[in-house]
There are 2 protein chains.
Amino acid sequence: MDIRAEIGTRTEQINEILAAWLPKAEGEQRTVIEAMNYSFLAGGKRLRPMLMQETYRLFGGRSRVIEPFMAAIEMIHTYSLVHDDLPAMDNDEYRRGKKTTHVVYGEAMAILAGDGLLTYAFETAANAFDIEPQNIGIGHSMRVLARKAGIYGMVGGQTVDVESEDSKDMTKERLDFIYRLKTSALIEASMLIGAILAGATQSEQKIVEEVAGKVGLAFQIQDDILDVTGTMEVLGKPIGSDEKNHKMTYVAYEGLEKAKEDVAALSGQAIAQMNSLVVKNEFLTELLRYLIAREK
Amino acid sequence: MDIRAEIGTRTEQINEILAAWLPKAEGEQRTVIEAMNYSFLAGGKRLRPMLMQETYRLFGGRSRVIEPFMAAIEMIHTYSLVHDDLPAMDNDEYRRGKKTTHVVYGEAMAILAGDGLLTYAFETAANAFDIEPQNIGIGHSMRVLARKAGIYGMVGGQTVDVESEDSKDMTKERLDFIYRLKTSALIEASMLIGAILAGATQSEQKIVEEVAGKVGLAFQIQDDILDVTGTMEVLGKPIGSDEKNHKMTYVAYEGLEKAKEDVAALSGQAIAQMNSLVVKNEFLTELLRYLIAREK
């Protein structure tokens with residue numbers, strides 16, 4: 001399997017699904033919708049919806065009920081980037097080689113676009129009730145989506161990350177907390193919702209959540225590694241932006257070699273756990289492997 | 001009925017219900033939870049949860065399923081105030097006589113506290129699935145909550161409000177759009193969710209939504225009137241803050257007398273429509289009347 005080509009094909013398929021769930025930029029409030037869609041369509045490999053869809057397929061899911069949740073998780077991911085880039089947060093002017101939302105639309109509109117995306121994620125997900133009214137996993141999935149995105153997930157991780165800037169008293173526990181919540185939480189939500197909506201058993205859900213946690217952690221550490229070793233051309237953003245923001249990263253804390261070793265170890269554990277499941281999805285396994293070893 | 005005393009008693013009862021749904025300020029991310037609870041507990045009459053609960057009772061609702069939604073609507077209202085007060089938005093330093101969230105916790109934490117409250121609202125509401133698993137109105141209520149809070153509701157209204165600052169080309173349509181979405185939308189969500197969860201018919205839901213729309217509009221116009229005619233002591237915030245922000249208000253556009261007439265007309269229509277329902281709730285009728293004629 002040429003995994004990069006395969007990911008490219010699937011990204012295009014997913015982009016078509018996602019586009020169908022975007023709000024139309026019309027009405028008196030069209031500016032905020034334009035800003036939402038600008039940030040949503042700024043690129044990205046759509047990994048979270050891809051992981052969700054493939055986990056859903058892994059457990060035999062075959063309906064369109066997964067689609068509104070695929071759109072919802074990507075909206076939440078996008079809102080987090082929009083707010084994260086704000087002047088009061090990371091103050092980033094570029095992302096994926098394009099100007100960030102507040103640079104194009106102004107700070108007030110960027111705040112509202114983030115709020116709009118976050119809220120529209122839940123509005124979109126709620127469409128699942130119409131598609132498969134009898135699926136008792138939908139309510140559960142709504143809760144997982146909110147929990148993993150909120151103070152016990154991504155927002156919680158962001159909080160500690162913000163507080164840790166310029167901080168000298170970083171500990172390994174604190175660093176792990178940030179990474180586990182800031183990045184892993186949404187990866188966990190993606191895969192867990194895929195499993196829940198397909199009717200996976202509780203023990204299968206537990207394995208999926210653990211795999212996702214390790215993949216998310218490895219993914220974020222790899223991101224830090226690339227921030228140090230990558231190039232502007234490949235990454236589409238200035239190199240060393242973490243250092244610019246005085247962020248304590250895993251690489252700075254543990255050193256580059258240890259970081260690379262940890263990525264490899266987490267990766268191995270995640271794949272092994274994945275293979276312990278009775279059900280199989282070759283593409284998903286390859287995708288997880290690729291994500292962790294990626295070069296951009 | 002001494003409506004002011006009665007509102008005071010019910011506000012206390014509602015505060016007890018709401019307190020039970022707040023997250024505990026503990027864990028590595030405790031700062032954001034503290035900031036959320038600071039803004040949530042900064043006061044207010046809890047009108048949205050009160051309207052929700054009373055509409056639920058109006059249609060015979062008697063279960064605790066309404067409680068997570070009462071907390072959720074107040075969390076969404078609170079997040080909107082936190083983000084609205086930010087320097088990039090209205091840049092307000094005081095609200096209800098207390099320092100605003102970004103003044104106390106800093107701008108980054110205020111953004112995160114707003115995001116946290118909005119997300120936690122949906123996480124909280126999702127608890128309703130456990131309380132009354134057979135209630136088919138819960139999924140519908142989740143969607144109403146998201147829609148009325150988002151780009152087709154409050155965020156949409158905020159967007160046009162932000163764009164209209166310093167604007168000379170305000171029209172009556174635009175002004176109505178702002179008022180209908182910025183304030184009415186959450187009042188509509190409150191009363192509509194109360195009706196849905198209690199099992200009201202579709203035609204009853206329609207009437208409730210219309211009543212709520214008028215009450216919300218009248219409530220917001222009254223707010224503008226008080227901004228001009230009130231006192232710092234009564235309002236707990238600087239007088240004329242709309243003018244400070246160069247906001248085009250209903251009062252500035254239509255004049256004080258016309259604004260007062262419109263409040264009275266909307267009020268009359270709302271009460272009449274309310275009385276057209278077969279079911280009755282005397283307190284709710286008095287509450288609607290009071291809200292519109294209030295002096296702070």
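Two residues are in contact if their C-beta atoms, placed from the backbone, lie within 7 Å. The model is predicted: local features need pLDDT of at least 70 and side-chain atom pairs pLDDT 80 or more, whereas totals for chains, interfaces and linings use all residues. Residues are numbered from 1 along each chain as its sequence is written, and chains are lettered from A and ligands numbered from 1 in the order in which they are written.

Select chains A and B. In chain B, 42 residues are in contact with 42 residues of chain A. Next, colour α2 (30-40), α6 (107-125), α8 (137-149), α9 (154-163) and α10 (172-197) of chain B, the elements that each give two or more residues to this side. Helices here are DSSP runs (H or I, at least four residues), numbered from the N terminus. The most comes from α6(B), with 12 residues.

Then colour the side of chain B that touches chain A by class: 24 residues are nonpolar, 10 polar and 8 charged. Asp, Glu, Lys and Arg count as charged; Ala, Val, Leu, Ile, Met, Phe, Trp, Tyr, Cys and Pro as nonpolar; the others, Gly among them, as polar.

Of the interface residues of chain B, 100% are also interface residues in chain A, so the copies meet through the same surface.

Finally, turn to chain A and select α11 (residues 202-229) and α16 (residues 282-293), whose axes come within 8 Å and cross at roughly 30 degrees. The axes are lines fitted to C-alpha atoms over the stretch in contact, with angles from 0 to 180 degrees between N-to-C directions. Show V215(A), A218(A), F219(A) and Q222(A) in α11(A), which meet L288(A), L291(A) and I292(A) in α16(A).
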